[in-house]
Amino acid sequence: MARLLKKGLLVLALFALVWLAVIIWWQESRTLPTGVDIGLYLFALPLALLGALWLGARAVRAARAPKPQPVAVMDTPQQATASVAELRIVAVAARAGAGADAAAIAQALMEQQRPELDTELKTLQGYPVFAARVPLLNDDELYAAARERGAHADALGTAGLRVTAMLADIAATLTDEAHRRVTQLDVPARDEDWPLLRFDILLPASWSPPARERARTQVLAAAGVWPDSRVAATEHAARDAMAGDTLLRELAATSSDDPATPTWRIVLAGDGYIDQDQVAQWDADASLLTHANPQGRVPGEAAAGVLLSLARNAAPATANADTGKNASFATTPELLVAFSPIAQRAKPADARGAAPEPALAELARDLVERTATAPDSVVHVISDADHRGSRPLEALGVASQLFSHLDASKDCHAVGVACGHTGVAASLLTLAVAGEACMQSDQPVLTLTLQDPALRCASLVYRPAASTTA
């Protein structure tokens, strides 16, 4: 309704401008218009201008749209057939509107929970909106604490404060897990005996530099149990929904036996839209879920992380009596995650008439085969999809083609449906939930990345020694 009203006002404004210009021209030139002049200048001319604007808009959209490349993959054919990119996951953690940790979010997906009406967020007409708000985060307290610590004014936005608090919580959880494993058999005697701990923090590129820097500082502060000299953090400005997948694939490609590679790596991602200004902007742009716009977004927020072991030849920790150093550390992975290449849809998912395409199912089938996983051992298909467009159908199509034993209503889950729109955190949130589901069931779980309109990829999360169990 809002979009129709905006278009109608645009048409009226164009007619009014043309009529005003023509009437002024007739008056200045002392012209007595005939019936033909009235029809030509007051009706045909504005209609022609409307047609030209419409054609121009279509040409611009066509120029900006991704070019059809059904199988535009990142890996070369030789790499794709020879090996599969993999990472070793030691632990996962997540927090979103659907739950305070990965286990709670996984349970919410199984129970098909949905976001509820938010009492604080309103449309431009004053109606409450559906939102996936993380409970127990007090905006006033977060603002006061940030001001007290001297935070820059550009780092005091509501959504950023909430996401930063969640990121610090996830960082502390995963650092504690790494600390527990390192000290399981012996505590390193000196700071230099500790393995390196590196954080990779994915944040929206739209955040201001002070907001991103504050998030980085808070993450480092949350890693207080680790020696400061052995901790590093890199903040990545994520410009699209594929940033998390791209980073993980880069890590998988560069992981090696090189002892200089950090033994521990924590990848974090956070994003949030629980903010009245953001909701108002979405409502004005007709991109907010309302009764008149069922294809709109549901505001959400989330932070997620994975603890990775990049050492290829991990072994139980042993002490070196001569040097007092730990010769190695207990880095046995809980899970493995294998990545498919990234493919591109022939038609963007948000385009009119978009439907599931075969490229995604082919990627998933190839991934299952190359990891020697029995298809009937996969117990869940978890995607970052929400309710919009063809995305839910894409995930269901993959499940029906590859895993006929799965029940679409019980075994296929869309994180975005329960957690709302979580932006750059969506793919890592999906991976964390899939990791938790895999640990609970001790069976492989397939994840699908569907948030981007055109790019698609899959991941398979499985136990190191249980990928072929049925």
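Predicted model: local features only at pLDDT ≥ 70, side-chain atom pairs only at ≥ 80, totals over all residues.

I looked up the neighbours of Asp200 first: leaving out residues up to four places away in sequence, Asp200 touches Thr234, His236, Leu247, Arg265, Ile266, Val267 and Leu268 (contact means heavy atoms within 4.5 Å). Residues are numbered from 1 along each chain as its sequence is written, and side-chain values use heavy atoms, with hydrogens and water left out.

Buried or exposed, I asked of Asp200? Asp200 is buried, at a relative accessible area of 1% (buried is under 20%, with a 1.4 Å probe and protein chains only). I find Asp200 in strand 4, residues 197-204 (strands are DSSP E runs of at least two residues, helices H or I runs of at least four, numbered from the N terminus). Its side chain makes a polar contact with the side chain of Arg265, at 2.5 Å (a pair of N or O atoms within 3.5 Å, one able to donate a hydrogen and the other to accept it; residues adjacent in sequence count only if both atoms are side-chain atoms).

Next I checked helix 11. In helix 11, Arg391, Glu394, Ala395, Gly397, Val398, Ala399 and Leu402 are buried. Their cover includes helix 10 (358-370) and strand 12 (380-383).

Last, the whole protein. I count 14 helices and 15 strands, and 48% of the 470 residues are buried.

Conventions:
Buried < 20%, exposed > 50% of the residue type's maximum accessible area, 1.4 Å probe, protein only.
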